[in-house]
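Reader: I would like to go through this structure term by term. For each label, please give the value and the cut-off behind it.

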Amino acid sequence: QDTLLGYAIDGFPLYGPLEGSREEVDARLDPCNGRDLPDGSYRYHVRTLGQVDGAAEPRPRRNTSSVSPSGVRTDARADVLASTGWNYV
């Protein structure tokens with residue numbers, strides 16, 4: 001909650017997630033996931049997965065294949081990349 005993660009493009013600070021359930025956090029944050037503080041400042045907060053969609057289930061993995069500089073589609077695993085001779089990680 002008090003960990004500054006960075007700044008949004010509009011200049012307001014972005015902090016870590018607030019503690020609580022989705023409903024509790026919804027009650028504290030505005031529709032932009034921000035809140036006004038007693039000192040008059042404003043800040044955004046990230047949310048945990050459980051606070052976003054109500055479930056802490058991991059999402060399916062994304063496709064990890066990539067395209068090499070020559071346009072050849074390869075698997076992004078390190079052992080395959082190492083065998084190509086390219087120094088990309």
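Author: Start with contact, which here means heavy atoms within 4.5 Å. By that cut-off, and leaving aside neighbours within four places in sequence, V46 is in contact with L5, L14, Y15, G16, P17 and L18. Keep in mind that this is a predicted model.

Reader: Where is V46, and how far apart are the C-alpha atoms of V46 and G16?

Author: V46 is found in the loop between strand 4 and helix 2. Its C-alpha atom and that of G16 are separated by 5.4 Å, although the two residues are 30 residues apart along the chain.

Reader: What is the order of the elements in the protein?

Author: From the N terminus on, they run β-β-α-β-β-α-β-β-α. That gives three helices and six strands.

Reader: How many aromatic pairs are there?

Author: The count comes to three aromatic pairs.

Reader: Are F12 and Y42 buried or partly exposed?

Author: F12 has a relative accessible area of 34%, so F12 is partly exposed. Y42 has 15%, which is under 20%, so Y42 is buried.

Reader: What kind of aromatic pair do Y42 and Y44 form?

Author: Y42 and Y44 are 5.4 Å apart centre to centre, with 85° between the planes, and the pair is edge-to-face. Y44 is buried, as is Y42. Together, F12, Y42 and Y44 form one aromatic cluster.

Reader: What makes the charged end of R43 sit over the ring of Y15?

Author: For Arg, CZ has to be within 6 Å of the ring centre and within 35 degrees of the ring normal. The charged end of R43 is 3.7 Å from the centre of the Y15 ring, and R43 is listed as sitting over that ring.

Reader: How many salt bridges does the structure hold, and which residues form a salt bridge?

Author: The structure holds one salt bridge. D26 forms it with R47, and the closest N and O atoms are 2.9 Å apart. The cut-off is 4 Å between a side-chain nitrogen of Lys or Arg and a carboxyl oxygen of Asp or Glu, so the pair qualifies.

Reader: Why does this pair tie together parts that are apart in sequence?

Author: D26 lies in helix 1 (residues 22–28), and R47 lies in the loop between strand 4 and helix 2 (49–53), so the parts are 21 residues apart in sequence.

Reader: Are D26 and R47 buried or partly exposed?

Author: D26, with a relative accessible area of 38%, is partly exposed. R47, at 21%, is also partly exposed, because buried means under 20%.

Reader: What joins R35 and H45?

Author: A polar contact of 3.0 Å joins their side chains. The limit for the N or O atoms is 3.5 Å. R35 lies in strand 3 (residues 34–36). With a relative accessible area of 14%, R35 is buried.

Reader: How much of the protein counts as buried?

Author: Of its 89 residues, 19% count as buried.

Technical notes: Residues are numbered from 1 along each chain as its sequence is written. This is a predicted model: local features need pLDDT of at least 70, side-chain atom pairs count only at pLDDT 80 or more; totals for chains, interfaces and linings use all residues. Side-chain values use heavy atoms; hydrogens and water are left out. Rings of Phe, Tyr and Trp (its six-membered ring) pair if their centres lie within 6.5 Å; planes under 30 degrees apart count as stacked, over 60 as edge-to-face and the rest as tilted. Buried means under 20% relative accessible area, exposed over 50%, partly exposed in between (1.4 Å probe, protein chains only). Helices (H or I, at least four residues) and strands (E, at least two) are DSSP runs, numbered from the N terminus. A polar contact is a pair of N or O atoms within 3.5 Å; within protein, one must be able to donate a hydrogen and the other to accept it, and residues adjacent in sequence count only if both atoms are side-chain atoms.
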